[in-house]
Amino acid sequence: MTTIEGNLQQVRERLKQACTLAGRDVNAVALLAVSKTFDADAVCLALDAGQHAFGENYVQEGTEKIEALRRLKPDAALQWHCIGPLQSNKTRVVAERFDWVQSVDRLKIAQRLSEQRPADLPDLQVCLQVNVDGGANKSGVAPEALADLALAVARLPRLQLRGLMCIPEPAPNFEAQRDLFLRAKVLFDQLNAEGLALDTLSMGMSDDLEAAVAAGSTMVRVGRGVFGSRPARVTSAA
């Protein structure tokens, strides 16, 4: 058994226990393995262990990995999620290569993704990133502006609005973590009550996935818990 295979088993067991404690079906929460800074070989090991959905924060790194996996595992059914902040000059490659974008927080970005999504590909699956705790250094639309953005994005062609994503500031304990995640759950429920058929609430990572599941998460994004401590990211000189 590889280390990654063993880690995946441990994360899946944590999810199972969290769902049991929350009175939820274990199949109600998907696992997104965050592979940023890890190479294509690590993704292959996770794929061999039954993991098919992967999250990337950096567009160039992610696209290179997508192409590598197409060569290494041409018959594999992989799902690639862009989960990092997205700049306007990166939307085309994301629209052309990724299956999901979880970090949309401006209408301009959504419009560009809509215009640039190739017609021969399925609709790009989209989540809106919401800044639930007002963190000054966090990306995400403010809660009071969320409904207008969601309604506008839902009308765009070539996109399918699936739900919300959040990355709250670290909290000191389970209760504080859950309370932050519940803010996103309230917003999610409000949007559904307004007629948007959302099914994805992406929240929770290696250190707080139990609290996220208790608050209603349908997708947790786990990097370190699956792949281990991250290697230093090498950036090219300008």
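Visitor: Is Cys-44 buried or exposed, and how do you know?
Guide: Cys-44 has a relative accessible area of 10%. Buried means under 20% relative accessible area, exposed over 50%, and partly exposed in between, with a 1.4 Å probe and protein chains only. With 10% set against that limit of 20%, Cys-44 is buried. Keep in mind that this is a predicted model, in which local features need pLDDT of at least 70, side-chain atom pairs count only at pLDDT 80 or more, and totals for chains, interfaces and linings use all residues. Residues are numbered from 1 along each chain as its sequence is written, and side-chain values use heavy atoms, leaving out hydrogens and water.

Visitor: What makes Glu-67 and Arg-70 a salt bridge?
Guide: Their side chains come to 2.8 Å, N to O. The rule asks for a side-chain nitrogen of Lys or Arg within 4 Å of a carboxyl oxygen of Asp or Glu, so the pair qualifies. Side chains of opposite charge can pair when their charged atoms come close. Both residues belong to helix H3 (residues 59-72), three residues apart, which means about one helical turn separates them. (Helices, H or I with at least four residues, and strands, E with at least two, are DSSP runs numbered from the N terminus.) Glu-67 is partly exposed at 25%, and Arg-70 is partly exposed at 45%.

Visitor: What does the pair Arg-158 and Asp-123 link?
Guide: These two side chains meet in a salt bridge at 3.1 Å, N to O. The pair links distant parts of the chain, 35 residues apart: Arg-158 is in the loop between helix H6 (143-154) and strand E6 (159-165), and Asp-123 in the loop between helix H5 (107-116) and strand E5 (124-129). Arg-158 comes out at 23% and counts as partly exposed; so does Asp-123, at 31%.

Visitor: How many salt bridges does the structure hold?
Guide: There are 11. One of them joins Lys-185 and Asp-189 at 2.8 Å, N to O. Those two are four residues apart in helix H7 (residues 174-193), about one turn of the helix. Salt bridges that share partners also join Glu-56, Glu-61 and Lys-65 into one network.

Visitor: On to the rings: how many aromatic pairs does a search of the whole structure find?
Guide: Two. Rings of Phe, Tyr and Trp (its six-membered ring) pair if their centres lie within 6.5 Å; planes under 30 degrees apart count as stacked, over 60 as edge-to-face, and the rest as tilted. Phe-38 and Phe-227, at 5.1 Å centre to centre with 25° between the planes, are therefore a stacked pair. Phe-38 is in the loop between strand E1 (30-34) and helix H2 (40-48), and Phe-227 in helix H9 (residues 224-227), so the pair ties together parts 189 residues apart in sequence. Both are buried.

Visitor: Why is the pair of Phe-54 and Trp-80 called tilted?
Guide: The centres are 5.7 Å apart, and the planes make 35°. Phe-54 in strand E2 (residues 53-56) and Trp-80 in strand E3 (residues 79-82) are 26 residues apart, and both are buried.
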